[in-house]
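Biologist: Before we discuss particular residues, may I see the model and its sequence?

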Amino acid sequence: MTRECAALLPGVCAALADPRLPGLDDTCLEKLLDWFRSLTWFDPSVELVQHNPCLTELITSVLALAEPSPAVLSFTLQLAGILASSESRFQLLQQEELLARLFGQEGPRGGAAWDEASVRSAWLKAVHSMVHHQPALLFLCSSGGMDVIFTLQGDPSLFVASAASQLLVHLLTFSLECETSKALSTKDCDWPVCAQMIVKHIQESLQSSSASHIEQSLKLLSSLFGSCFGSCYAAWTEVLWLDIAKQIESFLLEETVQAQPVLANLLLNVARSPAFCGTEGSFWALVTSALEHLTPVQAVPLAVGLLKLCKCPQDVRIQALTVLLQPMDCILRAASQPLECAGLLDESVSDPVTVESLLSSKTSCAGLLCQTLTHLEKLLSLKHLKVDLPCVSLLHSLMTILQFCNGFLSPASPLGSTISRNLINCFRVQKSALDVLAALSDKKDCDTLIGSLFDVLLAYLQSPNTNPTVLKKTFQATSKWLVHLQELSSSNSQWQQTEKILEDVFVVLQKRLCSPCWEVRDSSLEFLTAMVKCLRDQKEFRQCLLSSEVLRLTENLLEDPESYVRASAVTAVGHLAPITYFAPESPVTGNQYNRESIVAKLQEILSTDSEGFPRRAVISIFTKWLREGCTGQLEDTEQFVSRVIQIVEHDLDWEVRLGGLELVEVFCSQTICQLSQCPYAPVSSAVTSSTPQNELLQVFCRAKLFGFLFGSLCDCDKPVGQRACDVLVGLRGHFYPMSTLENPQEIEDSPAGRGIAWLQRTLRQGSLAQNLPTDGGDGVDFQDPESMMLALGAIDLLELHDELNKSSDHMEESPQSLLQDILAAVGIIEDNEVDCY
């Protein structure tokens, strides 16, 4: 602690203990506690308390108050817990009998303030801070504190109840850390005192008649096995499990117990413990029993967790997969004729009637299917799954669900008819099913159903009843499967099928691009862009594109009234350009826009569009074109970049200006590569006489890059300045590769040198861009190659880079300022004395 803080601290403590002074903001108190945590973290000595007696005086004064405010009492409890976190300070506070008055039976838990949840929460946090050494653990066990924590497990405040449960996990784990007895035997085990109290409490709660007590203990057990206790104390984990296993088994078999969702989570956390790595034993038999007896909604999360475990026995893993797939199996069977009951599964783990009843109910059908589909999508994304999913049957089931949802399938069975009525126009299920459908596109064994699959997708794309969000999901799934179709047709020569599907897709796309709903137009453009990215090299795709009206309609949407649609149209046109406008022999000369006019149109959007989204899209597309070499020879590119940055540097949207800097960075990199023999070769120290270097500088100056870059250094939006500095540092590294920088003292006497010196001073002051003339003001000519060479060599860009990259709170949040703020808030010192941070 600094001398200045030590001088201010007594006043702060006195103010906190004085009920006549105004209360402090909770944020200030939290910051004060954070400061004390940092002071005590690395220093366990008693000096902090001995050298600052005002701390113990604060605790004594607050305890003497008849009715301390909840905020001050909460602060005092947590302060005491932080101070008592080291054994030496704990003993000192014990000698002054402060801890017993705070955490013992005579403490605040008997007063009116205890009714405040914030005080109960602070008491738990304080104990958590304090118990990091054995004397504190023994004190807690002997002072009745454990009973308080057990009671707070069922607190009406969820925050308090959660904190109590977390504290019990910490106490049990820490008490085992303190155990230094001989090697543990599972048959002859003596828990440490604190751990014994917690285990006894758990056992008694599990055997009680109170459903809430049972649930609290099951949640505590789940937290224990899910914490480091379950992984670091394998032997103790096994002992604890043996103590409770019979009781857990009885809960699974008792239908009256309401805590079965917690049971599933508990079993999964136990399964993750190293204590149960073996494939034999009663535990896995209990897991199998749980998969059979839990309801499908409760069993599915357990099943999915088991499928992700590497060490799960194979028979249990197969059983878990069966549980997960049961609803999908039921869908297939319900959709079949009575004599065609082909499903996903040969047999069920639990009674199929249970799943059938859930799917027959309007209230539970969608929920069960969405839960199943969400888990299936996540499993399909895993690279290493220990079981094989029946992808063909799964795809068939998904198609059936989607047909149920849009009413295109009339099942013969009564169950199928009921499920179909429950799912009609169910957007939730449609979205989830389409997500899984898209994930299945990576699987190689679904080719036999691809024709039927596109029939289902096209039906959704064509239907006027398809919800816009569902349509977006359908577009995403369709683009994934079109890529799969391309791979399939190239290997199996199924060109006719591919061409027919693409023709149908483009017919639908033309219709959707003209939709009165802007979300549909937007999704359609995103779908077109996705197709171009993946299929631009496919001959059939280009033929279907150019023979349709899609290109003309996309161009029209550049003037759409909705800004999101205009932005998506810009992106689509930008991705179409390499195969249309910029193709060697452009096949779209008859369209509204040719190569020059499309560039001009996008520049117009960049300079005049009132919304930021389209302008951001334009600058992004221009950068993409530049990277791909679509802008022509160097002279054309130079003029193109110059026009763009003159538009961008005045844009009010910082993301557009940032995009302009990215464009400049790409242009610089490409120009250096073109004009240098080898872009990575070191440049001669006689750089000023090097023709390529002079030519580079002339190109950059003609394009007016330096004015834009130096002006951006002072941009009021920090990311813009950071990016501009990165580009300039990169350029200086090229022109001055051997760190042969100019000496500012030597160049300041020349006219150009005086301008550079002014520029250096201005940049250090961080003036706003509008205060930095980029037209030669103050003797700085940003289009003069010699001056810019001097600027790159003389200005300390690395120092500027460090300044720009400092975080916004690089001025340290001074504890001294905090203490002054607190004293000002309570009126002890005047406002003008405060050094606020």
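Biologist: How many helices and how many strands are there in the protein chain?

Modeller: The model is a predicted one. In its protein chain, the count of strands is 0. The count of helices is 43.

Biologist: What percentage of the residues in the protein chain is buried?

Modeller: A residue counts as buried when its relative accessible area is under 20%. The protein chain has 837 residues, and the buried share of them is 53%.

Biologist: Which residues have the most contacts inside the largest nonpolar core?

Modeller: In soluble globular proteins, nonpolar side chains tend to be buried together. The largest nonpolar core here has 282 residues. One of those with the most contacts inside it is F700, which, beyond its neighbours within four places in sequence, touches residues including F667, I672, L731 and F735.

Biologist: Why do the buried residues of helix α20 line one face of the helix, and what covers them?

Modeller: Helix α20, residues 352-360, has V355, L358 and L359 buried. Seen down the axis, these buried residues fall within an arc of 95 degrees, so they line one face of α20. Their cover includes α18, α19, α21 and α23.

Technical notes. Residues numbered from 1 in each chain as written. Predicted model: local features only at pLDDT ≥ 70, side-chain atom pairs only at ≥ 80, totals over all residues. Heavy atoms only, no water. Core = buried A, V, L, I, M, F, W, Y, C linked by side-chain atoms within 4.5 Å. Buried < 20%, exposed > 50% of the residue type's maximum accessible area, 1.4 Å probe, protein only. Contact = heavy atoms within 4.5 Å. Helix = DSSP H or I, 4+ residues; strand = E, 2+ residues; numbered from the N terminus. Arc of directions from axis to C-beta.
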